[in-house]
Amino acid sequence: MAYEVRGVVAREKGAPVTVETVHVPDPGPGEAVVAVAACGVCHTDLHYREGAITDDFPFLLGHEAAGTVEAVGEGVANVAPGDYVVLAWRAPCGTCRSCRRGRPWYCFDSANAAQPMTLGDGTPLTTALGIGAFAERTLVAAGQAVKVDRAARPEAAGLVGCGVMAGFGAALNTGQVARGDSVAVIGCGGVGAAAVAASALVGARRVIAVDVDPRKLEWALGFGATHTVDATEADPVEAIRELTDGFGADVVIEAVGRPETYRQAFDARDLAGTLVQVGVPDPTMTIELPLIELFGRGGALKSSWYGDCLPSRDFPVLIDLYLRGRFDLDGFVTETLALDEVEQAFDKMGRGEVLRSVIVL
Ligand SMILES: NC(=O)c1ccc[n+]([C@@H]2O[C@H](COP(=O)([O-])OP(=O)(O)OC[C@H]3O[C@@H](n4cnc5c(N)ncnc54)[C@H](O)[C@@H]3O)[C@@H](O)[C@H]2O)c1
Ligand SMILES: [Zn+2]
Ligand SMILES: [Zn+2]
């Protein structure tokens, strides 16, 4: 039997989201239905609602979720009903040119459910990042469900499914931050704060948090930042240079998604340093850089899709670090809300009042 559930839908560009009845089909071959327990509100959900990602409205939002597998389709071997899972928006296909080269974290043909979830009148929903978990149940490709230790409460565990993994991986997978490095993180929302925490975890010597909001800087200190820069009061490039003996940071992580912060990250690197762009720009943004500086500074300019993570490898590691008290996932959960309060969560995100609001089902 298929499912009729409540889900949060963005019907048109910029309009407030609404709670609608969503039809979730039984899982077909390679698919799983997951009963969602909690789902974090990420900036990317708001980007969808604003039409900044695609125009394929209506969207079923939500993609930072933990829950329990309820049913699986034919041929599913990685999970079974009753398993506690975190949902991933990358499920490597195993056969694309990147997977075949042994780089599944770049998979170019990541799997999603083949069947659509629909509104009552049959209109197919586009799921946020192929998940759609602001819903009591959701249908995913089984490979998107990653089994983790059920001792991790869902409000915290779900966050590993996007923002926290993106920030953690931007620092450690993409930026390869290591013991002794100096790191600067520009933008310390959920993603940036996770990059701060990951850098501190592996022994970065200096972890400089930059934001325009003093609350975010205060929280960043709690996650292990050694210094903070309020970009409304000081020029971040100069401040980062001053805090790194005049040279700039070994790794600068841009977690805002704007040209001006990208430029700051570019200029705040030491020679041969690495810039990691994890913030998502909108399609209208462009940047101009002096080519001689691009060459002359050396190093690497990298972008980080989902922290270059391999969910089946990295989610259980993060959850275990959390359960051992070494990674403070609880610190990202600013508040919990009900399914019909996603708009309030967007407002609070806009005002910078939260790291993560988490919808509990
Ligand atoms: N690459 C990925 O795979 C991936 C995954 C998840 C999210 N993201 C993106 O990462 C970005 C951050 O996401 P989030 O959930 O942390 O959002 P957020 O809104 O919680 O955080 C953004 C932070 O940037 C700060 N900020 C804004 N302007 C600034 C400026 N000029 N200088 C310094 N700080 C500034 C804000 O105060 C806020 O703290 C978004 O663009 C989001 O879409 C990327
Ligand atoms: Zn996200
Ligand atoms: Zn692939």
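This is a predicted model: local features need pLDDT of at least 70, side-chain atom pairs count only at pLDDT 80 or more; totals for chains, interfaces and linings use all residues.
Student: How many residues surround ligand 1, and which are the closest?
Tutor: The count is 32, and the closest are Ala 166, Gly 187, Gly 189, Val 191 and Gly 257.

Student: Which helices and strands supply at least two residues of that shell?
Tutor: Helices α1 (43–49), α4 (163–174) and α5 (190–201) do, along with strand β12 (206–211).

Student: What does the shell have by class?
Tutor: There are 16 nonpolar residues, 13 polar ones and three charged ones around ligand 1.

Student: Why does ligand 1 lie between the domains?
Tutor: Because domain 1 (3–161 + 328–360) and domain 2 (167–305) both give residues to its shell.

Student: Switching to the core. Which residues of the largest nonpolar core touch the most other members?
Tutor: Val 85, Val 183, Val 185, Ala 195, Val 196 and Ile 253, out of 123 residues in that core. Domain 1 and domain 2 each contribute at least three residues to this core.

Student: What is Val 85 in contact with, leaving aside neighbours within four places in sequence?
Tutor: Its contacts are Val 34, Ala 66, Gly 67, Val 69, Val 79, Ala 145, Val 146, Lys 147 and Val 148.

Student: Now the open sheet of five strands. What order does it have?
Tutor: The order is β7-β2-β1-β4-β8, and the pairing is mixed. At the edges are β7 (118–119) and β8 (126–127), each pairing on one side only.

Student: How many bridges are there between β2 and β7?
Tutor: Two; β2 (residues 18–24) pairs with β7 in the antiparallel sense. Opposite Val 22 stands Leu 119 in β7.

Key. Residues are numbered from 1 along each chain as its sequence is written. Chains are lettered from A and ligands numbered from 1 in the order in which they are written. A residue is near a molecule or strand if its C-beta atom, placed from the backbone, lies within 6 Å of it. Helices (H or I, at least four residues) and strands (E, at least two) are DSSP runs, numbered from the N terminus. Ala, Val, Leu, Ile, Met, Phe, Trp, Tyr, Cys and Pro count as nonpolar, Asp, Glu, Lys and Arg as charged, and the others, Gly among them, as polar. Domain bounds come from an automatic or database domain assignment. A nonpolar core is a set of buried Ala, Val, Leu, Ile, Met, Phe, Trp, Tyr and Cys residues joined through C-beta atoms within 7 Å. A residue is buried if 20 or more other C-beta atoms lie within 10 Å of its own, exposed if 12 or fewer, and partly exposed in between; C-beta atoms are placed from the backbone. Two residues are in contact if their C-beta atoms, placed from the backbone, lie within 7 Å. Two strands pair if DSSP finds at least two bridges between them.
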